[in-house]
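User: I'm new to this one, could you walk me through it?
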Amino acid sequence: MIIKTLKARILRALKSSLPAAGADSPPPSPTKPPAACVHADAFSDDASFFDAREAETPTKGGHHPSSSPEPLDAWELVDQDGRAVPAPPADPDPLLGFPARCPPGGERGVVLYTTTLRGVRRTFEDCNGVRALLENLAVAFQERDVSMDRGLRDQLWAVTGEKAVPPRLFVRGRDVGGAAQVLALHEEGRLVPLLLPSVPALDKKPKPPASAKCEACGGLRFVVCGECDGSRKVFDGGRGGARCRGCNENGLVMCPLCL
């Protein structure tokens, strides 16, 4: 209805600007062929004028609508001079904005350094908060408890180049940061894009809840060394015991099922 009203107004404006039938007109030029004169009576008051001429409008390439028209090109970006502008590049990896610091074995996964010692309450609570956040997002990550293995603490310090305090999150070889940085990224909605390859799709089988702990370690991520039974010594014949090289200072090794 609105389009028909606009068409009617345009027709009335054209009728008022064109001469009426039989009005005085200049004599025809002897050198130029007579042009078709359009009078106001040639227009009707309805939209049939537009409908009759829209059907005669050729498409791209001069083809008539009745024939098979050539499809119009897709929309493309052009500058003010009409020249085509190349399409913008794809969005870069959001992880490129973080320092390239890759812990051992963390090139393609998510590694979280934590501590389970309650000596410093804030550090302990920060580790629990980041761990719970990743578990709620159903992210497949490897937790490395520095309080259970001194070698993991030295590993964290070597990767960061400083005496970093857990928690510390690494995603595919990039240092995302500590608890404050991780929580800030989550509040801004930028954490999930960083973890997208590690977050399962909606159509996949969901991850078991956090209450379903590992049957081997009970969720501690460490088990007793099978070579020394946690004694840190290995006896070979009558020469006495030797230091077990397969476990850490606590006689523990990382759980093979949780790796």
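User: How much space lies in the second largest pocket?
Analyst: In this predicted model, the second largest pocket holds about 240 Å³ of space.

User: And which residues lie nearest its centre?
Analyst: Of the 15 residues that line the second largest pocket, those nearest its centre are Thr115, Leu117, Val146, Ser147 and Pro166. By kind, the lining divides into seven nonpolar, four polar and four charged residues.

User: Which helix gives the largest share of that lining?
Analyst: That is helix α4, residues 150-160, which contributes three residues to the lining of the second largest pocket.

User: Staying with α4, which of its residues are buried?
Analyst: The buried residues of α4 are Leu152, Leu156, Val159 and Thr160. They lie on the same side of α4, because they cover an arc of only 90 degrees around the axis.

User: What do they pack against?
Analyst: The buried residues of α4 pack against the strands β1, β2 (141-145), β3, β4 (174-177) and β5 (222-224).

User: New topic: how many residues does the largest nonpolar core have?
Analyst: The largest nonpolar core has 18 residues, and those with the most contacts inside it are Val110, Leu134, Leu169, Val171, Val176, Val182 and Leu195. Two or more residues of this core come from each of β1 (110-114), α3 (121-136), β3 (168-171), α5 (179-187) and α6 (191-195).

User: What does Val182 touch?
Analyst: Leaving aside residues up to four places away in sequence, Val182 touches Val130, Leu133, Leu169, Val176, Gly177 and Leu191.

User: What lies apart from that core?
Analyst: Another core, of 10 residues, lies apart from it, and its members include Val111, Val159, Phe222 and Leu252. Val159 is also one of the buried residues of α4.

Conventions: Residues numbered from 1 in each chain as written. Predicted model: local features only at pLDDT ≥ 70, side-chain atom pairs only at ≥ 80, totals over all residues. Heavy atoms only, no water. Core = buried A, V, L, I, M, F, W, Y, C linked by side-chain atoms within 4.5 Å. Buried < 20%, exposed > 50% of the residue type's maximum accessible area, 1.4 Å probe, protein only. Helix = DSSP H or I, 4+ residues; strand = E, 2+ residues; numbered from the N terminus. Contact = heavy atoms within 4.5 Å. 1 Å grid on protein atoms, 1.4 Å probe; cavity = no way out; pocket = protein on both sides within 12 Å on 5 of 7 lines; lining within 4 Å. Points joined across faces, edges and corners; volume = space filled by probe spheres on them. Nonpolar A, V, L, I, M, F, W, Y, C, P; charged D, E, K, R; others polar. Arc of directions from axis to C-beta.
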